[in-house]
Amino acid sequence: MRGDVAAHHFEALGTICSLFGVGVSRAELAQGEFWVRVLGARVTRFSKRSELSLLNCSAGAWLDVSPEMEELLLEALRAYELSAGLVNAAVLPSMLAIGYTRSLAEGVSTATLEDARPAPPLPEVLAVRRGRARLERGCGLDLGGIAKGWMADRLAAQLGTNVLANIGGDLCATGPGPQRDGWPVGFGGVTAMLCDQGAATSSVRRRRWGELHHLIDPRTGLPSTSELEEVSVVAATGCDAEIVAKTALLLGPGLATAYCAATRKPAG
Amino acid sequence: MRSFLLKVGATALTLGATVVSAVYVTAHLKNPSAPLQPTVVASQQQGAVGGLTFTPGVRQGDVQPVTSTYASKV
């Protein structure tokens, strides 16, 4: 019954991506892959020549940025605000301190946890103007999940009106889905039917090595110890789902549910 | 006499402002290591969290999912 659903799977951004569309050709989905690869090359921190790396090395100088990077940086600032600082892109020094200096496929480096510091407030170190951005000397950004959620949202909007874009687990579904009852998405052990919604799971079970994992708590600069291992969220967009899921996980079991309820937009 | 009163008044005003400022600052200490806490509806202290809460805006289905928020993580 899914014969009219085109699907396209590929690896990019160090993860697996899947694109689905009704009324969308395989060629259009392949163009979506190309878009992901081009943008991914700009926002990766693992390439010294990427746009993000140039900003991280700009030593406090104003730098010209592409419209996409400008939007992503503004999204990072919005994530900081929405999470009261818990989703802070300025955790790159901590990422490096825990040994996450290159893609995990290449392996982690030796951790130097004594170098980990609480992340500075993002709005105090990152300024974004039209076509330009400035990052304080000594600071570094890791756009990580924000970039994946943002790309899923943009890609879904670009590809058509009945599309599901999954970028490394951050996904966005537009339209009524193949059977007009939503896009069926595995989520928290069940199937959720998404219609014009995004979803994401934040987890410390993956991207983990020894006692360390990739989810940094900006309050300490160290991997989260919130006692929550995994949080899955459905939200209005993939990026919102990513932000809320990560914030809830960092808040821990005492506040996670209440935070999710507080960020829920009223129906209608 | 008038000059003396002015001096006394100015001194009292200065000392008073100093004391009030000290009291205010002491009562409004900014703790840079205080944890950030975003807005929540209410604090829910729970020993363990498991399962999912499906709000009215999210529908559950019984069909095979085409993808998931898990499987795509490398």
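A crossing of two helices is right-handed if the near helix is turned clockwise from the far one by less than a right angle. I wrote that down before opening the model, which is a predicted one.

I looked up how α3(A) passes α6(A), and the crossing is right-handed. The contact draws on A:Leu72, A:Glu75, A:Ala76 and A:Ala79 from α3(A). From α6(A) come A:Ile146, A:Ala147 and A:Trp150. I noted that two packed helices are described by the angle between their axes and the distance between the axes. Here helix α3 covers residues 67–82 of chain A and helix α6 covers residues 144–159. Their packing angle is about 115°, and the axes lie 10 Å apart. Angles of 65 to 115 degrees count as roughly perpendicular, so I put α3(A) and α6(A) down as roughly perpendicular to each other.

**Entry: α1 and α3**

Next I checked helix α1, residues 26–43 of chain A, against α3(A). At what angle do their axes cross? I found roughly 65°, with the axes coming within 11 Å. α1(A) and α3(A) are therefore roughly perpendicular to each other. This crossing is right-handed. On the α1(A) side, A:Leu39, A:Arg42 and A:Val43 make the contact. On the α3(A) side I listed A:Glu68, A:Met69 and A:Leu72.

**Entry: the whole of chain A**

I then stepped back to chain A. I counted eight helices and 15 strands in its secondary structure. The radius of gyration is 18 Å, close to the 18 Å from the globule rule for 268 residues, so chain A is as compact as a globular protein of that length. Its C-alpha atoms fill a box of roughly 55 × 40 × 35 Å along the principal axes. Of the contacts with a separation of 6 or more, 60% join residues 24 or more positions apart.

**Entry: the core**

How much of chain A is buried? I read 51% of the 268 residues. In soluble globular proteins, nonpolar side chains tend to be buried together. I looked for the largest nonpolar core and found 80 residues in it. A:Ala165, A:Ala199, A:Val233 and A:Ala248 touch the most other members. Helix α7, residues 238–251 of chain A, gives the most to this core, with nine residues.

How values were computed
Residues are numbered from 1 along each chain as its sequence is written. Chains are lettered from A and ligands numbered from 1 in the order in which they are written. This is a predicted model: local features need pLDDT of at least 70, side-chain atom pairs count only at pLDDT 80 or more; totals for chains, interfaces and linings use all residues. Helices (H or I, at least four residues) and strands (E, at least two) are DSSP runs, numbered from the N terminus. The radius of gyration is taken over C-alpha atoms; the globule rule is 2.2 Å times the number of residues to the power 0.38. A residue is buried if 20 or more other C-beta atoms lie within 10 Å of its own, exposed if 12 or fewer, and partly exposed in between; C-beta atoms are placed from the backbone. Two residues are in contact if their C-beta atoms, placed from the backbone, lie within 7 Å. A nonpolar core is a set of buried Ala, Val, Leu, Ile, Met, Phe, Trp, Tyr and Cys residues joined through C-beta atoms within 7 Å. Axes are lines fitted to C-alpha atoms, for helices over the stretch in contact, and angles run from 0 to 180 degrees between N-to-C directions. Angles under 35 degrees count as roughly parallel, over 145 as roughly antiparallel, 65 to 115 as roughly perpendicular and the rest as oblique.
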